[in-house]
Amino acid sequence: MRISIIGCGYVGLVTGACLSEIGHEVICTDNDVKKIAVLAEGGVPIYEQHLEAILKESRRSGRIRFTTDMAETVRQGDAIFICVGTPPLETGEADLSAIENVARQIASESRSPKLVVEKSTVPVQTGQQLKRALTVYSRNHGARFHVASNPEFLREGTAVGDFLHPDRIVIGVEDEEAEKQLREIYRPILDGKFHCPVHAPKCPPHPAPSLLVTTINSAELIKHASNSFLALKISYANLIADVCERMGANVEEVTRAMGMDPRIGPQFLNAGLGFGGFCLPKDIQAFIRLAERAGVDFAMLREAERINKQRIDFFLEKVRRALWVVKDKQIGVLGLAFKPNTDDIRFAPAMEILRRLQSEGAHLRASDPEAMEKTRAIYPQIAYHRDPYEVARGSDALLLLTEWEEFRTLDWERVRNLMARPLVLDARNMTNPAQMRALGFEYDCFGRPQLSPAPVSQ
Ligand code: UGA
């Protein structure tokens with residue numbers, strides 16, 4: 001099928017690349033001229049595993065191309081995927097102006113029937129507004145529109161694998177034609193008949209993905225409800241960690257056993273610095289506002305958000321407690337991205353930690369396998385080193401803020417010998433406390449206390 005992608009952010013790029021990978025003819029546009037220039041010349045503006053390889057192959061075979069011409073993009077596709085950003089407004093609500101703008105352009109440029117698919121994360125009932133905008137602004141050159149919601153559940157860092165091996169594909173539709181076309185688009189994935197760049201030469205056995213056909217409203221809500229639930233789960237695990245820390249229990253042991261109950265599940269119970277990124281923090285806020293508008297007091301989400309913000313305060317408290325005076329100390333930071341395997345630093349907890357330590361007068365050195373350039377643009381005063389051992393050299397403390405595999409497997413003896421003071425504060429519980437202490441480190445983390453529990457005041 002001929003597919004148009006509007007918006008070449010992370011979701012649009014992964015969607016476009018994967019749809020071309022499974023055999024569709026894809027044309028992509030974005031109003032960021034520089035981004036399109038990079039893509040058209042063979043570059044990739046973000047780091048996401050496997051994306052570069054897929055785009056290279058798709059470009060070579062002519063299945064994908066990039067243009068700044070919005071009208072052409074609209075006219076080319078039988079299906080148009082709207083993948084533009086919906087950033088938070090000051091109120092926390094999602095800013096839908098880009099969606100509206102795209103709807104107007106689709107309406108005025110279309111000359112044939114189109115399936116218009118909402119891929120961006122949007123509040124429930126946006127699809128209804130989208131339908132209205134398409135009708136109101138249509139110049140009616142034979143264009144008929146079918147609207148669908150098809151939320152994405154991609155995780156940064158594993159997005160290509162998530163797209164090609166989803167546990168579920170949700171399609172919110174209101175007519176048979178839209179459902180038929182979306183089934184056709186996803187047919188290779190549903191039937192497991194595509195070349196998989198993640199698991200070449202052969203994929204391990206995967207359960208066939210479920211295709212869920214819902215109303216448009218439900219599909220939109222599924223996305224917000226899912227991300228908010230994940231956020232709740234993380235905040236819950238973080239509070240369990242605090243209790244463990246005070247009572248001498250180990251959060252890893254507790255959450256591991258909890259996760260073995262299939263009603264709870266093992267994922268998203270890792271305690272630490274809390275959730276960041278451009279999805280969970282903004283989606284939870286948008287969902288709180290949406291619930292308010294619906295007259296539902298979703299206080300538990302507000303609480304999850306508050307607990308999440310508090311993680312940074314708690315961590316900085318650990319840093320101050322360990323260092324006594326922060327001013328003029330050399331602090332090494334390992335990990336800047338909001339999670340491993342991405343260069344995304346949006347709402348990354350590390351950014352707030354850098355800001356606060358810098359304002360307290362610390363001298364910072366930092367390393368991250370992918371996110372240093374983006375961080376440098378915000379914090380040019382920090383000394384960046386690709387080599388994590390250079391970050392350790394002469395430092396009074398080393399902070400582990402993102403659980404990159406490369407940091408987990410450092411030669412810790414070498415790190416210890418390089419540091420001015422062998423102090424490690426592991427905000428992601430990625431190293432083994434007993435081993436680190438045995439190596440001679442002063443060490444702290446979340447919810448995995450030393451053998452003797454701290455006294456509890458009555
Ligand atoms: C999230 C969802 O997981 C995806 O399903 C969804 O499609 C995506 O948002 C989106 O809306 O586009 P993502 O933002 O890539 O994906 O990252 P997650 O893997 O969800 O991690 C979010 C944050 O939670 C990270 O900062 C991570 O470090 C933190 N986290 C995650 C924890 O602190 N503990 C955990 O146990 C898991």
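Let's start inside a sheet: Val 333 stands opposite Leu 399 in strand S12. Two strands count as paired if DSSP finds at least two bridges between them, while helices (H or I, at least four residues) and strands (E, at least two) are DSSP runs, numbered from the N terminus. Please keep in mind that this is a predicted model, in which local features need pLDDT of at least 70, side-chain atom pairs count only at pLDDT 80 or more, and totals for chains, interfaces and linings use all residues. Residues are numbered from 1 along each chain as its sequence is written, and side-chain values use heavy atoms, with hydrogens and water left out.

**The six-stranded sheet**

- Strand S12 belongs to an open sheet of six strands, which runs in the order S11-S10-S9-S12-S13-S14 with parallel pairing.
- Strand S11 (383-384) and strand S14 (442-444) are at the edges with a single partner strand each, so one side of each has no neighbour in the sheet.
- As background, strands of a sheet pair through backbone hydrogen bonds, either parallel or antiparallel.
- On one side of S12, strand S9 (residues 330-334) pairs with S12 in the parallel sense over four bridges.
- Strand S12 (residues 397-400) also pairs with strand S13 (residues 423-426), in the parallel sense and over three bridges.

**Which way the S12 side chains point**

- In a regular strand the side chains alternate between the two faces of the sheet.
- In S12, Ala 397 and Leu 399 point one way, Leu 398 and Leu 400 point the other way, and all are buried.
- Here buried means under 20% relative accessible area, exposed means over 50%, and partly exposed lies in between (1.4 Å probe, protein chains only).

**Loops on either side of S9**

- Asp 328 sits in the loop between helix H12 (299-323) and S9, and its phi is near 70°, a positive value in a residue other than glycine.
- Phe 347 lies in the loop between S9 and helix H13 (349-359), and its phi is near 50°, again positive in a residue other than glycine.
- With 47% relative accessibility, Phe 347 counts as partly exposed.

**A buried threonine**

- Thr 126 has its place in helix H6 (residues 126-137) and counts as buried, at 6% relative accessibility.
- Leaving out residues up to four places away in sequence, Thr 126 touches Leu 96, Ile 99, Glu 118 and Glu 220, where a contact means heavy atoms within 4.5 Å.

**The whole protein**

- The secondary structure comes to 18 helices and 14 strands.
- The radius of gyration is 24 Å, close to the 23 Å that the globule rule gives for 458 residues, so the protein is as compact as a globular protein of that length.
- That radius is taken over C-alpha atoms, and the globule rule is 2.2 Å times the number of residues to the power 0.38.
- Along the principal axes, the C-alpha atoms fill a box of roughly 75 × 50 × 45 Å.
- Buried residues make up 51% of the 458 residues.
- Among contacts with a separation of 6 or more, 73% are between residues 24 or more positions apart.
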